[in-house]
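I opened this model to look up a few local features. My notes follow the order in which I checked them.

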Amino acid sequence: MNTLAWWLISAQFHSRRTATWLSMLAIALGVALGYAIHLINQAALADFARAMHRVQGEPDAVLAARDSAGSVPLAIVNQLAADPTVALVAPVIETRVRVAESLPAVRLIGVDLFSAGGLMPKLLPRPAEGATIADWLTGGVYVSPTVLARSDLRVGAPITLRRGDRLWTTRIAGDLPAMANEDLLLVADIAWVQEHFGPSDAVSEARILLEPDSAPAEWRRHTAQRLPAGLLLREADDDSARVSNLSRAYRVNLNVLALVALLTSAFLVFATQLTAVAQRSTHFAVLGVIGLSPRRRLLQILLEGLAIGFPGALLGLLMGYALAVAFTQLLGGDLGGGFFSGGVPLIRPTLTATLAFCFLGALTSVAGAIYPAYLNRRQPLAQALKIGFSPTPTGEAAHDHRRLKRLAALSLSAVALSHAPPLFELPLAGYAAIAVLLLIGIDAAPLLTHRLFSAGASLPLPATQRIALQNVAQAPLMAQVAASGLIVSFALTASMVIMVSSFRVAVDHWLDEVLPAPIYLRSKGTPLPPEVLSALRQADAPFVKVEGTAHGTLTLDPRRPDVGLIVREIDRQHPAQRLPLTGRLATPPDDRLPVVWISEALQEIYGIHPGQLLRLPLLGRDVELFVGGVWRDYSRQFGALVISRDDYQRLGGEFQANDLALWPRAGQEASAMTWLTAHTDRHGLRVSTVGEIRDLSLAIFDKSFAVTYALEAAAMLIGLFGLAVTLATSVWLRSREWATLGALGFDRRMLSRAVMLEGALIAVIGLLIGLACGVAIGAVLTHVVNPQAFHWRMPLIVPWSRLLVGAVLTLAAALLASRHAARQATRLPLAQILASGQ
Amino acid sequence: MLTVCGLTKRHANAHRAVFRSLELAVGAGEVVALVGESGIGKSTFLNCIAGLETADAGQILIGQPEKDIVTLDETARAALRAREIGFVFQAFHILPTLTVGQNIAVPLLLGRAPPATHPARIAELLEQVGLSGFAERWPATLSGGELQRVAIARALVHRPSLILADEPTGNLDPRTADEVMSLLLDQVRRQRAGALVVTHSRHVASRCDRMLTMAGDGLR
Ligand SMILES: Nc1ncnc2c1ncn2[C@@H]1O[C@H](COP(=O)(O)OP(=O)(O)OP(=O)(O)O)[C@@H](O)[C@H]1O
Ligand SMILES: [Mg+2]
């Protein structure tokens with residue numbers, strides 16, 4: 001660009017340092033949040049995919065049971081091995097065992113050494129020094145480095161594996177060097193695992209490698225048709241794709257929030273650039289007279305936007321990277337969302353994403369400069385020379401009429417959008433409805449300002465107040481600009497507060513319903529030891545009632561995450577005693593027909609309804625069940641179904657409880673706890689009171705929303721910047737007017753009080769509209785976005801007192817901002833203002 | 001240098017024309033004073049000539065080869081101003097965020113002179129308006145008379161063929177006004193440009209080559 005453009009930009013940066021820095025910082029903040037969230041999501045997914053591949057290798061197909069309690073019969077594995085297309089079949093048994101008190105249940109994978117070498121190279125063990133292949137075959141387990149690091153187990157030492165009442169004592173024969181951080185697993189020969197834990201005639205899954213010249217997709221389709229119900233033939237890399245689907249809605253939601261922060265910063269650039277343009281409209285006119293073409297004057301303003309946006313975006317990228325690293329250290333890869341278990345993912349920026357965010361930041365800033373550039377372009381040179389900037393008054397009646405029509409049209413479209421179904425399983429229409437609601441708020445601002453304050457200006461008020469009222473009423477454009485940042489940021493913050501507190505109240509209430517017992521005993525994934533169960537059945541056990549639950553999973557659709565299968569001791573006739581049912585209960589037509597109660601997510605994702613019959617791949621076959629009702633579940637986003645223990649056992653299933661709900665005898669609560677702890681301690685099981693579980697659940701809930709709070713805070717800060725900047729400008733633009741008032745006997749204190757009052761009036765308008773929009777957006781988030789994205793339904797609760805406190809705090813901050821503006825405005829000596837042509 | 005034929009201007013939503021069928025010719029090196037009562041349309045006339053406002057009828061021929069600024073679009077007008085016109089305002093309008101030297105350089109940057117020649121040209125003009133050594137000063141540190149000299153230097157730096165000045169001495173005391181006026185006349189004649197100076201001062205007008213009075217029925 002040429003010298004003149006550069007001079008003007010640097011002059012601008014020099015003479016309006018604070019405002020320029022603030023806009024740059026706002027862009028940086030927006031870019032940083034978006035970029036950080038992107039980096040974290042990407043790293044977490046990549047990490048997960050790597051972990052999957054590390055364990056799985058790359059087979060052409062995986063044969064597994066749909067039901068987590070099911071297994072693949074060896075007969076079928078042998079049948080497949082005989083298929084001429086199949087090059088190699090590696091049977092795998094996977095189960096969970098406990099090996100040390102310091103560790104949760106770890107995965108035990110039994111593989112066949114000879115076939116595993118080709119298909120699961122990463123699982124290949126490194127025997128201890130001096131060991132031979134015979135050691136592998138004669139037993140002994142190989143452990144991942146993390147297990148060694150997190151327990152006092154050592155290579156060569158004995159180890160005891162337990163699962164329920166089964167024990168296997170052997171020794172650690174070596175480690176698994178290819179297993180990197182956070183994998184808690186053991187590998188042993190499949191025959192030994194079968195002997196000690198597994199069924200002898202079945203395996204968990206079989207990994208299949210086809211002959212090099214075969215067509216895997218075709219073979220899979222063809223072979224799947226011949227498989228018995230309950231078995232599933234899928235691609236190996238499905239899992240990472242499924243995880244990506246699993247957290248997609250959550251990630252999109254966060255990205256939208258981050259974009260909102262960027263949008264708010266566009267408002268700040270807009271306010272700054274409008275100000276910059278307004279202050280210099282005479283300068284631009286002079287440049288026009290000297291011969292700078294209209295196009296170059298327009299470009300100059302856009303270029304100034306770019307000059308703010310580009311360095312801001314660069315700064316934002318740096319800040320975003322730092323934020324991503326800090327957040328993953330603090331909250332883990334899912335930002336507290338609970339989707340990925342495991343360690344801290346490595347943040348690895350990619351060139352395309354980095355360039356994209358840089359571009360987005362610069363674009364946002366340029367976008368903020370477009371309207372000011374347009375306003376400047378529209379004003380005739382001669383007029384600008386004579387009187388400086390004049391935003392056209394918009395308060396005329398004809399204008400109001402048009403605006404009302406536009407507002408009505410916008411409102412209708414917001415209602416229509418919020419009733420639209422999800423697109424690509426994402427609440428895109430819901431997000432659009434939110435954008436429209438924000439537009440309505442901004443568009444309504446001048447109307448409300450004019451209506452509210454022009455009436456007030458004719459009241460018999462003291463001079464200071466009257467002047468402030470008049471100024472706001474007569475410059476609706478400036479008021480709109482000043483208020484818009486505040487409207488957007490307050491609306492979004494209020495809506496998030498509404499959504500989160502509705503959600504929290506709902507979760508709180510839901511926890512009450514799903515946790516009826518005072519004490520819980522949980523063993524993550526492994527069946528409970530029979531000694532404990534039999535001790536509980538003794539007459540001297542201090543409990544009046546004990547109910548067991550077994551958790552498993554079921555693959556209903558191979559492209560989606562598994563759904564939860566919960567077998568419970570529950571009364572078939574009265575499920576409402578244990579399940580938070582929503583809507584009506586359906587009565588099965590036949591008493592012998594097994595009944596399941598499905599979660600809301602299952603109802604929505606798979607379109608299943610109460611009263612209908614459902615075929616499920618249960619226990620290795622296709623079973624027909626009756627859908628008895630729908631219950632609310634906030635913990636399994638991808639759906640779950642509950643079946644009673646009696647029905648499950650009638651179907652031939654074996655009930656092995658992993659969780660127990662316990663009701664102590666009256667007055668014996670403390671001793672019951674001691675009794676239970678004594679019986680479970682040596683099995684490494686955890687006993688929790690209902691209070692502990694509640695607290696933990698709510699803590700996880702709060703953690704998962706920590707990021708949204710950070711985003712809200714950023715938006716509010718940006719909104720306040722915007723108010724301060726615009727207010728300072730509008731005061732500056734009228735400095736002659738102020739000076740004249742000063743000459744007429746207004747003192748500095750009165751002037752600054754008038755400016756502060758003006759700021760307060762604008763802030764009140766912004767907060768009022770922001771609150772109204774916030775409640776509307778909160779309703780959209782609660783009733784549209786949440787159900788569509790996460791299948792979570794809940795009643796809307798508006799925490800008025802908290803919102804009011806927020807509004808008052810914002811108002812106070814706005815007053816401070818206006819005080820700053822007033823100081824700036826009244827700093828110049830009156831004589832100088834009056835003398836200068838401005 | 002400047003030929004105006006049959007110029008008529010009526011402001012948007014005003015019911016009568018400001019002026020009708022004005023005729024004027026200004027020759028090279030000639031300085032013409034334009035006087036007339038307040039609100040009669042002098043500034044409007046000047047703005048039409050500079051292409052800041054559009055005349056409703058008539059011709060305004062400027063430069064070599066002659067161009068009719070009335071028929072040009074906004075971009076072409078700006079280009080014509082950059083080449084052929086220097087403007088001096090009553091309120092100085094020196095850009096406060098650029099130094100004195102940078103202010104004077106703006107017309108040069110819009111022209112075709114090689115950038116290497118700019119500093120010498122700026123120094124030459126500063127010397128001619130009696131402000132040698134002011135190039136690095138900020139406008140806020142200059143007096144009104146000094147600012148108007150900077151404005152004159154800025155109007156002349158790119159050797160335009162026509163200088164338009166709207167009450168150039170209106171904000172100055174009589175003695176400074178006299179000095180600034182002498183400077184303007186001096187410079188215009190030296191560059192053999194034509195000039196049209198709007199003024200309320202009979203004294204200023206009397207120092208020009210020719211004086212025209214604007215009245216309801218035209219220029220006399
Ligand atoms: N934008 C405009 N719209 C309508 N009328 C205008 C506009 N600008 C100027 N006028 C009117 O045109 C007439 C001429 O104005 P102009 O500024 O040219 O007067 P002038 O001769 O320069 O006066 P002065 O000596 O006071 O500067 C005035 O009556 C003024 O009210
Ligand atoms: Mg005038």
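**Ground rules.** I am working with a predicted model, where local features need pLDDT of at least 70, side-chain atom pairs count only at pLDDT 80 or more, and totals for chains, interfaces and linings use all residues. Residues are numbered from 1 along each chain as its sequence is written, chains are lettered from A and ligands numbered from 1 in the order in which they are written, and side-chain values use heavy atoms, with hydrogens and water left out.

**Ser161(B).** I found Ser161(B) in the loop between α5 (144–156) and β7 (162–166) of chain B. Helices here are DSSP runs of H or I with at least four residues, strands are runs of E with at least two, and both are numbered from the N terminus. Is Ser161(B) buried or exposed? Ser161(B) is buried, at 12% relative accessible area. Buried means under 20%, exposed over 50%, and partly exposed in between, with a 1.4 Å probe and protein chains only. I then listed its contacts (heavy atoms within 4.5 Å). Beyond neighbours within four places in sequence, Ser161(B) touches Met1(B), Gly63(B), Glu84(B), Ala193(B) and Gly194(B). With Glu84(B) there is a side chain to side chain polar contact at 2.8 Å. That term needs N or O atoms within 3.5 Å, within protein one able to donate a hydrogen and the other to accept it; residues adjacent in sequence count only if both atoms are side-chain atoms.

**Helix α1(A).** I checked the length of α1 (residues 3–15) of chain A. Its 13 residues should span 18 Å at 1.5 Å a residue, and the end C-alpha atoms are 18 Å apart, which agrees. The expected span is 1.5 Å times one less than the number of residues. Buried residues in α1(A) include Leu4(A), Trp7(A), Leu8(A) and Ala11(A). At the helix start, a side-chain oxygen of Asn2(A) comes within 3.2 Å of the backbone nitrogen of Leu4(A).

**Rings.** I counted six aromatic pairs over all chains. Rings of Phe, Tyr and Trp (its six-membered ring) pair if their centres lie within 6.5 Å; planes under 30 degrees apart are stacked, over 60 edge-to-face, the rest tilted. Trp168(A) and Trp192(A) are stacked, 6.3 Å centre to centre with 5 degrees between planes. Trp168(A) is in strand β8 and Trp192(A) in helix α7 of chain A, so the pair ties together parts 24 residues apart in sequence. Trp168(A) is buried at 4%, whereas Trp192(A) is partly exposed at 24%.
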